[in-house]
Amino acid sequence: MEKPRLRFAPSPTGYLHIGGVRTALFNWLWARHTGGAFVLRIEDTDQERSTPESKQVILDSLRWLGIDWDEGPEVGGEHGPYEQMQRLSLYAEWAERLIAEKKAYRCYCTKAELDAQREALKKADPKAQFKYPGTCRNRTDKPDLPSVVRFMTDTAGEVVYVDKVFGEVRTPNKELQDFVLVRGDGVPLYNFGAVVDDITMGIGIVARGRDHMINTPPQILIYQAFGAKVPEFAHLPMMLNQAGAKLSKRDGAVGVFEYRDLGYTPGAVLNYLVRFGWSHGDQEVFSKQQLVDVFNWEACGRGDGKFDPKKFASIQHEHLKSKGLTPDDEYVTRVLPFLAARGLANVDRAMVERALYTIRERATTLVDAAEKLDYYFRDEPVMDEKAAAKFLVKEHAENLRAFRDVSADGEWTEAALEARAVAFLAAKSLEMKHIAQPARVALTGRTASPSLYQVMFVLGRDASLARLDRAVARAEKAG
RNA sequence: GGCCCCAUCGUCUAGCGGUUAGGACACCAGCCUCUCACGUUGGGAACACGGGUUCAAUUCCCGUUGGGGUCGCCA
């Protein structure tokens, strides 16, 4: 079987939306699964909205996610250029071919005229559908006026294709019209540019959001007009917000980098997004490599899905919990910037790595992780005064001092610390709960933390004893 | 409104004619426990409705309802 070539073709009109990531991901997964190629193409023909900054954000977002492209901007390839505004002459040439073969024609109707016709029809019959009436279809003159190129759509027949996700889709040609291929200024419209590029770039499978389904029939007509092989199409169900509408900025974070800044990791983002419209039995958690291994179109569903931040967070939690999904080294690298954001720059990498196992099961995001790592990296923990007022008080001072002394008296390992504490408690007929919270507040400045022995071990003897000493002093002074 | 698509717990989903309709998130209760988590046990929670087809429909067909998409010289 021929290795399939797939593509992701975003328009650089803003940040990379997570819906776009899902589309990119499915294409990328299939390319990697099959050993095919993944092409990135920038569709910048909307000159009003496209910006170089957006293009850069999209490239950076994909790189952050680990979705790499075999051909495209900044990596090149034999089918380039990969930005549509650099391919204008190609579109002009291909459009002329269609005109010469009477499969397309120049239309001199102005936008104003068309708008007026649309308005008039709407007034006469609000329910009617405006379609270009074919005014310029048979014009033979060539006035020196601005013109667009329109496709000459045969009103007979129907377009049929078998979607890899939705199955057979049929559209009668009479539902279509003489749509515009190329603007007056020579810049192609989406349907034309995409098809010409997909043909010349050898794209064999086009996977995109279901909102593009409406474009497929006219695109197939263009393929046929060129005598080109029609690719396979796979439309993906929509990702909606919790209200069931299209996901937008109003629904909270939708840009990839917003999630990066929220402390999400690429693997978790991809894991959450892949479950929109795709499943693998009961499995919820996947590594990127597993996804590449098991992804297929057959397991794609058709129903739209609603974005669930809670589930997303839980997937992120799973990824941070598992060393297999987020190895220590990667975890440290990723959490460092978040520690820096808390004023903890230049912390010891090895120390972070040592502390990791104490928070693995507790941290949901990297922001969360940095927060939970905080007290390991300060001379004195940031004290929760409410907690201090409750636990660092006279009534606990004696036990706290005793706990400090017994801890100090021997080997500084988790097991040894625990053994001495247990023996001490037994001798005093005390229970751990009598000293745990004061000690916790002393060591961490807060009422919730990993096991005291773990904290003390990671902190080390000197820092731990210093904190306990200070707490004892404070407790004795307090009421 | 025309055209297109969709329809299993609140959410993501498994199911591909015969199941006590499964899992995950979220929620509730218990256990574990030095706190927080983790883990674990259990619980509530779904086949939109109506017709067919069939010995048998969540599953196949049709309709209804509901939802979504799209109707540009945007992509």
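The lining of the largest pocket in this predicted model divides into 13 nonpolar, 12 polar and 10 charged residues. In this division Ala, Val, Leu, Ile, Met, Phe, Trp, Tyr, Cys and Pro count as nonpolar, Asp, Glu, Lys and Arg as charged, and the others, Gly among them, as polar. A pocket is an open set of points on a 1 Å grid over the protein atoms alone, where a 1.4 Å probe fits and protein lies on both sides within 12 Å along at least five of seven lines; lining residues have an atom within 4 Å of a point. The volume of the largest pocket is about 1,200 Å³, a volume being the space filled by probe spheres set on the points, with grid points joined across faces, edges and corners. Its lining comprises 35 residues, and S11, H17, G20, D211 and H212 lie nearest the centre. Two or more lining residues come from each of β1 (5–8), α1 (18–34) and β8 (205–209), where helices (H or I, at least four residues) and strands (E, at least two) are DSSP runs numbered from the N terminus. The greatest contribution to this lining is that of α1, with four residues.

Residues are numbered from 1 along each chain as its sequence is written, and chains are lettered from A and ligands numbered from 1 in the order in which they are written. As the model is predicted, local features need pLDDT of at least 70 and side-chain atom pairs count only at pLDDT 80 or more, while totals for chains, interfaces and linings use all residues; side-chain values use heavy atoms, with hydrogens and water left out.

The second largest pocket holds about 1,000 Å³ of space. It is lined by 32 residues, of which R150, Q177, F179, V180 and L189 are the closest to its centre. The elements giving two or more residues to this lining are α4 (111–124), β4 (148–151), α5 (190–200) and α6 (216–225), and the largest share, three residues, belongs to α4. By residue class, the lining of the second largest pocket consists of 17 nonpolar, eight polar and seven charged residues.

Strand β1, which contributes to the largest pocket, is covered on both faces: R5 and R7 on one side and L6 and F8 on the other are all buried. Here buried denotes under 20% relative accessible area, exposed over 50%, and partly exposed the range in between (1.4 Å probe, protein chains only). Strand β1 pairs in the parallel sense with β2 (residues 37–40) over four bridges, pairing requiring that DSSP find at least two bridges between the strands. Within this arrangement F8 stands opposite L40 of β2. Together with α1, the two strands β1 and β2 form a right-handed β-α-β unit; a crossover is right-handed if, with the strands pointing away from the viewer, the path from the first strand over the helix to the second runs clockwise.

Aromatic pairs number 20 under the rule that rings of Phe, Tyr and Trp (its six-membered ring) pair if their centres lie within 6.5 Å, with planes under 30 degrees apart counted as stacked, over 60 as edge-to-face and the rest as tilted. The pair of Y259 and F312 is tilted, because the ring centres are 5.0 Å apart and the planes stand at 45°. Since Y259 belongs to helix α7 (residues 256–261) and F312 to helix α10 (residues 309–321), this pair ties together parts that are 53 residues apart in sequence. Y259 is buried at a relative accessible area of 6%, and F312 is likewise buried, at 1%. The rings of Y272 and F276 have centres 5.4 Å apart and planes at 85°, so this pair is edge-to-face; both residues are buried. A cluster formed through ring pairs contains F26, W30, W278, F286, F295 and W297.

R302, in the loop between α9 (288–294) and β11 (305–306), is exposed with a relative accessible area of 55%. Its C-alpha atom is separated by 8.6 Å from that of H235, 67 residues apart along the chain. Most residues other than glycine have a negative phi, and most peptide bonds are trans. G80 and P81 are joined by a cis peptide bond with omega about 0°, and P81 lies in the loop between α2 (52–65) and α3 (88–100). K102, which is not a glycine, has a positive phi of about 60°; K102 is placed in the loop between α3 and β3 (104–107) and is exposed, with a relative accessible area of 62%. N346 likewise has a positive phi, near 50°, and lies in the loop between α11 (328–340) and α12 (349–359), where its relative accessibility of 80% counts as exposed.
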